[in-house]
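Subject: Structure handover

Hello,

Please find the structure below, with its sequence. My notes come after it.

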Amino acid sequence: MAKPDVVVLDYGSGNVHSAVRALERAGAQVTLTRETVRIQEAAGLVVPGVGAFAAVMDALTAIDGPRWIGRRIAGGRPVLGICVGHQILFERGVEHGIAADGMGEWPGEVTALPDDVVVPHMGWNTVRAPEGTVLFDGIEDERFYFVHSYAVQSWDFDQTVESMAAPKVTWSHHGADFIAAVENGPLSATQFHPEKSGDAGMQLLKNWIDSL
Amino acid sequence: MSLAVRVIPCLDVDAGRVVKGVNFENLRDAGDPVELAHRYNDAGADELTFLDVTASSSDRETTYDVVTRTAEEVFIPLTVGGGVRTQEDVATLLRSGADKASINTAAVNRPEVIDEITDRFGSQVLVLSLDARRTDDPQIASGFEVTTHGGRRGTGIDAISWCREASARGVGEILLNSIDADGTQAGFDVEMIRAVRQVTSVPLIASGGAGRPEHFPAAIDAGADAVLAASMFHFGPVDMIARVKEAIRAAGHPVR
């Protein structure tokens, strides 16, 4: 069987080397590009992100990223956001008192973790995944590698509308509960770095690739 | 459940080879950093640190290549230190595949470089590494002094003030190495760890003095979020990382 074709979105975000290699190791045919045709055609699109929310959003916008990501989502085509690539899917990010708009795929704000814990939240933490997620299948009890100082700390999505499949939200805790991952139809995202989370992270990427 | 204490082996790399010696059995080539990185990853290391002890710039290129090859094969966080002076050095390391860079002497000489690096790449990429020793110098209030040149040269800078300043400037993590404890295998300098913990809220990695797994819980009780060691892992039995983690777990701290 041919390997699923995955594009890692190239918009100048930090170290994407590891994401590319890890996805290859997990069984994908990976291309690092910003070419719009490739972004649209790929079986899966990965949106990495390192640094400040506003800077990542600016860099994405500079290549018209939100439009192409949005178009994929509208077409039911899988997208995986990682770290700040997860955060920018929410409505807004507030860092150092500066608010920036995100893509608004989900309600909620990215805000500073509580100041009574060690920050950045850096290291291997546990998650609480709901039943039946694709990403955490078989690795629900593993730890994943987080590096961040900001997070979405509430889930305001109206999950009571029966005609809509409720997104599956996975939580973690550091000073406060925060969203570690979301699965919502074609759109998935993780606050942690699966590409740096050893065997557990590799399995998560494989789970995603196998779903493409 | 909470964040696990990280156990981090440190490898000294010179011209693309691990130096200081490593005593693993069944290793084809004990000097190959990539092979050792694999070994430590398989043994349960939570992160890896390469310390580039290379002097020449051509050898530095070799280090970048080692970083790239490691990052292609080992999927845990990789920190690289040694010779990091400017934001361009950090850019090169990140491009090579490092997740974090550690800075030491260059930050002592010119603290502003911390702001420059973290403004560009974010706090999470920069580890402040410092070698501190105890001193009787009345000018140094805390009794802990920052040194350079592997502890041979004093700077007259108070290590605790320095940690406070570096945190305020934006470093994402502090690697605290005790020169007095380093090499003694008699245990960590827990007073120093405690003193640094009081002035910073960024993650703190304790280094220097570990000789036995039982030494580690004290460093964590004193406020360390992670522990780093070299010889103990290089010369200990293959399962030393597991033994260290077991000692940490037995003391009531979470490990992976």
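The notes cover cysteines, salt bridges and a charged surface patch.

This is a predicted model, in which local features need pLDDT of at least 70 and side-chain atom pairs count only at pLDDT 80 or more, while totals for chains, interfaces and linings use all residues. Residues are numbered from 1 along each chain as its sequence is written, chains are lettered from A and ligands numbered from 1 in the order in which they are written, and side-chain values use heavy atoms, leaving out hydrogens and water.

Cysteines

C10(B) is buried at a relative accessible area of 8%, and C163(B) is buried at 0%. Here buried means under 20% relative accessible area, exposed over 50%, and partly exposed in between, with a 1.4 Å probe and protein chains only.

Salt bridges

The count comes to 27 salt bridges over all chains, where a salt bridge is a side-chain nitrogen of Lys or Arg within 4 Å of a carboxyl oxygen of Asp or Glu. In one of them, D115(B) pairs with R169(B), and the closest N and O atoms are 2.8 Å apart. This pair links distant parts of the chain: D115(B) is in helix α5 (residues 112-121) and R169(B) in helix α6 (residues 159-169) of chain B, 54 residues apart. Helices are DSSP runs (H or I) of at least four residues, and strands (E) of at least two, numbered from the N terminus.

R169(B) also forms a salt bridge with E165(B), again with closest N and O atoms 2.8 Å apart. E165(B) and R169(B) are four residues apart in helix α6 of chain B, so about one helical turn separates them. D115(B) is partly exposed at 25%, as are R169(B) at 23% and E165(B) at 31%.

Surface patch

E131(A), D137(A), E140(A), D141(A), E142(A), D199(A) and D42(B) form a negative surface patch. Patch residues have over 30% relative accessible area and no salt bridge, with like charges joined within 9 Å and nonpolar side chains (Val, Leu, Ile, Met, Phe, Trp, Tyr) within 5 Å. E131(A) lies in the loop between β8 (121-126) and β9 (143-148) of chain A, and it is exposed at 74% relative accessibility.

Regards

Key
Areas by Shrake-Rupley, 256 points an atom, 1.4 Å probe, with all protein chains shown as cover. Lys, Arg positive; Asp, Glu negative; His and termini not counted. Charge placed at Lys NZ, Arg CZ, Asp CG, Glu CD.
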